[in-house]
Amino acid sequence: MQDAIDTTTQLENASEATVELFARFLAFVAKNVNSDPNSSRPRTNLLYNAFKHFTESYLASQDVHTSTSTFDLDVRKTVISSYFKALVTLESSGVTDVPRQPPSALFAAAEAGDASIYAIFGGQGTNEVYFDELQKLYDLYTPYVEPFIQTITDELFAPLVRASSFSYHHGLDVSSWLSGSAPRPPVSYLASVAVSFPVIGLTQLTQYLVAFKVANLTPGEMLERFAGATGHSQGVVSAVAISASSTYEQFISNSKKALKWLFLAGSRAQNAFPVVSLEPSIIADSVEGGEGIPSPMLTVVGLTLKDLERHVAATNKYLPDNSKLCISLHNSVKAFVVTGPSRALHGLVTALRKVRAPSGLDQSKIPFSKRKPVFHVRFLLVGVPFHSPYLADAVDVLLNDDLEGEELWEGDELQIPVYHTADGESTFSLLGLYTNLVSFQGRISGVRLPQSRGPSRNKFSHSRSTGPRPSTSQTLPHTQ
């Protein structure tokens, strides 16, 4: 039995090594197709025939992501990146009948009416890891991603940084950070809202770009396979951008609009609520208590709204008006986000510890009415209290000074509905979408968003979450 297992493992390793070697050959030929103008045509023919054989041999029934799903992670990255380098090189060389991997089964089902897909874009909360995900997209799909990132960096971020009142000590040269021609800034800089707001949006739009490029679809054909889109917090901006894009040119234009919005919102928010240093004892106490480093946003999961409101009100009695806490987000029946100055939130945390059941406490023999509540408290990795009254003035500056009342989108530009997470039904279909978006963010008067919801469950079969993800460890896109 052991000999059979060893033999199987050896065969699998040999097969993986063969695919990797073939993929490396494709990348090598692709890199050198135009190195000598006198031999570019025969080199292109060589690449075409090798690519055709690779596709017929290894991608006859599965796409490159699926066929390499069991490979070693580094080998898988090599195969995928080499495959797309060769594919794009053939396309850019004018080859019209480039062999293709099998199409996405999910997209085929959507086209046939057998599946209903919604695009979902996330918000803040992954501020310390999102850039790793963008780096992976850049490394895997360089021919698709590099031109897009370069355009955004040169034509949008560079002039915005020069004109901004916020001090970008490391600039916003995302293209150079990804290519390695400039060192990546420290995590603390990338995690700051002025940087993370636009670059998280860039990561989301890059993911969408990769999705329609890999599927060999235009943005318009991609939208035909989606029944709608939505987004949590800043994610709704990306949802609107993709919804208004039927061509690649429109996608670039709307990406610039969305990222301009996010850049201005991030820098204004950071200026309105600058980072405040806390005493080391407070930070140490919070870390030891398992709540993380104090920030202006605190998630509480497991308490009822009634109980949480009572504790927030009790804490607010001891706080001045400029430090009051509020419950800003209702993510589910027992999941909420409380916002306010981090020092004040730490006070709430210490009060909640007194009523929370210790981790691992056995309460099975205690009458239910006398049991301590079981809930979890954690500071979010966000440096600004979004969805709260603290940013009301920043919104006015953003609308009146930065954009001078300009609307970035009109309602009739949307090609698919963009759902409001407040009720899961209404869409952003009004004129003046920009103001609508700002109001949606709940920043104007501290409007508290009700429980976040997406489209009604009986209306969709699949959702495509467009991150960044909470963890980016060893994750690769999968198109089937």
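This briefing walks through the cores, ring pairs, loops and helix details of the structure above. The model is a predicted one, so please read every value here as computed from it. The protein has 18 helices and eight strands, and 50% of its 480 residues count as buried. Among contacts with a separation of 6 or more, 76% are between residues 24 or more positions apart.

**Nonpolar cores**

- The largest nonpolar core holds 106 residues, and Y141 and V174 have the most contacts inside it.
- Helix α10, which covers residues 193–214, gives the most to this core, contributing 14 residues.
- If you click on V174 and set aside its neighbours within four places in sequence, you will find it in contact with F131, L134, I149, T153, F157, V199 and L202.
- There is also a second, separate core, made of 18 residues, with V312, L352, V377 and F379 among them.

**Aromatic rings**

- The structure holds 23 aromatic pairs.
- One of them joins F107 and F226: the ring centres are 6.3 Å apart and the planes lie at 65 degrees, so this pair is edge-to-face.
- F107 sits in helix α5 (residues 105–111) and F226 in strand β2 (residues 226–231), so the pair ties together parts of the protein 119 residues apart in sequence.
- Both partners are on the inside: F107 is buried with a relative accessible area of 10%, and F226 is buried with 6%.
- Another edge-to-face pair is formed by Y118 and Y419, with ring centres 5.7 Å apart and planes at 65 degrees.
- This second pair links distant parts of the chain, since Y118 belongs to strand β1 (residues 117–121) and Y419 to strand β7 (residues 418–419), 301 residues apart.
- Y118 is buried, having a relative accessible area of 4%, and Y419 is buried at 10%.
- Ring pairs also join F22, F51, F54, Y58, Y83, F84, Y141 and Y144 into a cluster; Y141 is a residue you have already met in the largest core.

**Charges over rings**

- K213 lies over the face of Y248, 4.8 Å from the ring centre.
- R356 takes up a place over the face of F375, at 5.9 Å from the ring centre.

**S245, a buried serine in a loop**

- S245 is part of the loop between α12 (235–243) and α13 (248–272).
- Its relative accessibility is 1%, below the 20% limit, so S245 counts as buried.
- The S245 side chain reaches the backbone oxygen of A241 at 2.7 Å.
- Leaving out neighbours within four places in sequence, S245 is in contact with P219, G220, L223, Q250, F251 and N254.

**Helix α4 and its ends**

- Helix α4 (residues 73–92) has 20 residues, which at 1.5 Å a residue should span 28 Å; its end C-alpha atoms are 29 Å apart, so the two values agree.
- At the start of α4, a side-chain oxygen of D72 comes to within 3.1 Å of the backbone nitrogen of D74.
- After α4 comes G94, which has a positive phi, near 90 degrees.

**N316 in helix α15**

- N316 lies in helix α15, which covers residues 305–316.
- With 13% relative accessibility, N316 counts as buried.
- The side chain of N316 reaches the backbone nitrogen of L325 at 2.8 Å.
- Not counting residues up to four places away in sequence, N316 touches K324 and L325.

- N216 is not a glycine, yet it has a positive phi of about 60 degrees.
- N216 is placed in the loop between α10 and α11 (219–224), and at 43% relative accessibility it counts as partly exposed.
- H387 is likewise not a glycine and has a positive phi of about 60 degrees.
- H387 is found in the loop between β6 (376–379) and α17 (392–402), and H387 is buried, with a relative accessible area of 2%.

Note on methods. Residues are numbered from 1 along each chain as its sequence is written. This is a predicted model: local features need pLDDT of at least 70, side-chain atom pairs count only at pLDDT 80 or more; totals for chains, interfaces and linings use all residues. Side-chain values use heavy atoms; hydrogens and water are left out. A nonpolar core is a set of buried Ala, Val, Leu, Ile, Met, Phe, Trp, Tyr and Cys residues joined through side-chain atoms within 4.5 Å. Buried means under 20% relative accessible area, exposed over 50%, partly exposed in between (1.4 Å probe, protein chains only). Helices (H or I, at least four residues) and strands (E, at least two) are DSSP runs, numbered from the N terminus. Contact means heavy atoms within 4.5 Å. Rings of Phe, Tyr and Trp (its six-membered ring) pair if their centres lie within 6.5 Å; planes under 30 degrees apart count as stacked, over 60 as edge-to-face and the rest as tilted. A charge sits over a ring if NZ of Lys or CZ of Arg is within 6 Å of the ring centre and within 35 degrees of the ring normal. A polar contact is a pair of N or O atoms within 3.5 Å; within protein, one must be able to donate a hydrogen and the other to accept it, and residues adjacent in sequence count only if both atoms are side-chain atoms. The expected span of a helix is 1.5 Å times one less than its number of residues.
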